[in-house]
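Subject: Structure for you to look at

Hello,

Here is the structure you will be working with. Please open it first and then read the notes below beside it.

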Amino acid sequence: MVERRAFSAPGKALLVGGYLVLEPEYKSYVVALSARMHAVVSTSEAIQKGNPSIQVRSSQFNNDCWTYQLQQTNGYSLSERDNKKNPFIEKVLLNVLNYFDPCISNLKDVNIEIFSDSEYHSQSESSLKRNSLKKFAFHTKSITEVPKTGLGSSAGLVTVLTTALASVLRKELNPYSKADLETIHKLAQVAHCQAQGKVGSGFDVASATFGSIIYRRFMPELISNLPDMSVSKIQIYKEKLKHLVDETDWNFTADRIRLPDNLRLMMGDVNNGSETTKLVGKVKAWYREAYPSSSEIYENINSKNSAFIDCLNEINNLSKNKQIYDGMLTAINSGNDEAINSYTALKQIRQSVNGIRENFRLITKESGADVEPLVQTTLLDACMKLNGVLTGVIPGAGGFDAIALLTTDTTDLRSQTDGKHDFKDVSWLDLQQADIGVLEEIPSHYDNLRSD
Ligand SMILES: Nc1ncnc2c1ncn2[C@@H]1O[C@H](COP(=O)(O)OP(=O)(O)O)[C@@H](O)[C@H]1O
Ligand SMILES: C[C@@](O)(CCOP(=O)(O)OP(=O)(O)O)CC(=O)O
């Protein structure tokens with residue numbers, strides 16, 4: 001019998017903490033999403049003994065497939081059979097293999113099938129395949145050619161692939177054990193960072209691993225100080241990686257949180273294509289040039305980010321008192337500002353978001369980076385007039401891509417916005433908050449997917 005295991009990891013929305021979270025002193029609030037990346041992993045006797053391969057298949061994207069032949073000298077190196085590139089897959093395999101360091105002659109061939117939920121990518125030119133439990137969109141184009149919606153497909157991929165391959169090399173791997181999850185997290189951060197070619201804050205990988213969290217980053221040097229993985233340095237790379245994963249305190253925060261009951265996150269997709277790297281470049285340049293007044297702006301945003309987090313905590317506490325909480329939800333649903341502002345926590349959360357947005361409009365003006373461009377200001381302001389909306393932000397790096405609203409779970413935004421000119425560019429995504437990061441799934445749930 002073929003042994004199989006399956007795992008999944010969620011997408012993300014960074015509600016507050018954009019840009020500041022690139023610095024280790026600032027906290028952010030990250031909501032994990034119901035859109036997940038999945039991996040089903042199995043092994044079979046190596047066709048060429050002592051010369052095993054790892055195949056990663058992503059058949060949803062024009063049957064994309066990468067097959068790596070493994071070599072072990074002092075550490076592991078790989079070559080892709082047809083020279084096809086997928087830096088995210090490559091860096092995961094290299095780091096997981098060099099960390100676990102299995103003896104090549106005992107290794108079997110590994111097969112990993114990737115499935116990604118539809119919300120990660122634009123659905124045009126795709127068709128659904130499903131079984132009774134799951135459905136996935138199949139595209140006519142390869143992964144690099146299908147537009148993304150910005151939910152963190154590479155972080156989901158890297159996290160779930162790290163888990164899947166680790167489960168082959170450590171049979172007893174348990175994604176619900178703290179120690180194993182921390183190992184997965186560190187390996188996934190290293191691989192993601194190397195594949196991106198830049199050191200992002202890592203909030204996306206942390207949320208793919210741990211779920212909805214308050215996140216504060218690790219020092220970027222932990223990863224950038226690793227030596228390169230060239231064959232001549234692979235032995236030292238392996239030793240340093242092992243030390244970094246097993247013996248180094250990364251001094252980061254990933255405290256699990258959840259949105260208050262009866263509130264939900266609504267993501268509105270506005271525009272395809274993300275320019276995070278360019279936006280970050282411009283904001284960082286502005287920060288340096290405008291220093292020290294830029295640091296005052298960051299401190300101001302940070303105090304409002306903390307107020308936002310505290311208010312959500314307070315609302316969570318108030319939700320335990322049914323009478324008060326029902327009153328709060330009714331006030332939000334009424335859309336009446338006076339009724340909403342009569343609850344301090346609701347008034348304060350709106351004030352903190354207004355302050356954050358105001359500062360980002362200032363940064364937009366001064367840096368030339370479209371963090372909160374005018375069209376998004378207009379759209380968010382229009383959203384704030386809808387019934388059932390508590391507050392709204394442009395998630396992550398900002399820009400033209402998306403908006404994120406906190407609404408009551410009884411609000412029907414689609415019926416309030418359909419056909420209205422102000423909302424003509426928004427498509428509401430079918431998403432909810434996910435509390436949990438990496439999950440173990442049942443492999444047979446991915447079998448026999450058929451066209452409708
Ligand atoms: N389902 C998938 N199968 C294979 N590779 C994937 C998949 N999803 C994402 N990737 C990899 O991640 C890359 C996209 O990463 P990135 O540009 O960082 O987007 P995102 O912001 O969604 O993480 C793809 O080009 C591909 O290399
Ligand atoms: C600017 C940032 O703080 C937030 C970017 O958030 P997004 O959700 O926009 O990110 P991508 O998925 O990488 O495009 C950069 C970071 O923290 O890495």
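Around ligand 1 there are 15 residues, and the closest are S58, S116, K148, S153 and S154. A residue counts as near a molecule if its C-beta atom, placed from the backbone, lies within 6 Å of it. This is a predicted model, in which local features need pLDDT of at least 70 and side-chain atom pairs count only at pLDDT 80 or more, while totals for chains, interfaces and linings use all residues. Residues are numbered from 1 along each chain as its sequence is written, and chains are lettered from A and ligands numbered from 1 in the order in which they are written.

The largest share, 4 residues, comes from α2. (Helices are DSSP runs of H or I with at least four residues, strands are runs of E with at least two, and both are numbered from the N terminus.) By class, this shell has 5 nonpolar, 9 polar and 1 charged residues. Here Ala, Val, Leu, Ile, Met, Phe, Trp, Tyr, Cys and Pro count as nonpolar, Asp, Glu, Lys and Arg as charged, and the others, Gly among them, as polar.

Ligand 2 has 17 residues around it, of which G200, S201, T276, G396 and A397 come nearest. The elements giving two or more residues to this shell are α4 and α7 (276-290). Its residues divide into 8 nonpolar, 8 polar and 1 charged.

Helix α4 (residues 203-210) also meets helix α3 (residues 178-196): their axes come within 10 Å and cross at roughly 150 degrees. The axes are lines fitted to C-alpha atoms over the stretch in contact, and angles run from 0 to 180 degrees between N-to-C directions. The two helices are therefore roughly antiparallel to each other, a term used for angles over 145 degrees. The contact (C-beta atoms, placed from the backbone, within 7 Å) is made by L181, I184, H185, A188, Q189 and H192 of α3 and V205, A206 and T209 of α4. It has 5 nonpolar, 4 polar and no charged residues.

Lastly, there is an open sheet of 4 strands in the order β12-β13-β11-β14, with antiparallel pairing. Strands pair if DSSP finds at least two bridges between them. The edge strands, β12 (389-393) and β14 (427-428), each pair on one side only. Strand β11 (residues 263-269) is joined to β13 (residues 402-408) by 7 bridges, and M266 stands opposite L405 in β13.

Regards

Key. Parallel < 35°, antiparallel > 145°, perpendicular 65-115°, else oblique. Contact = placed C-beta atoms within 7 Å.
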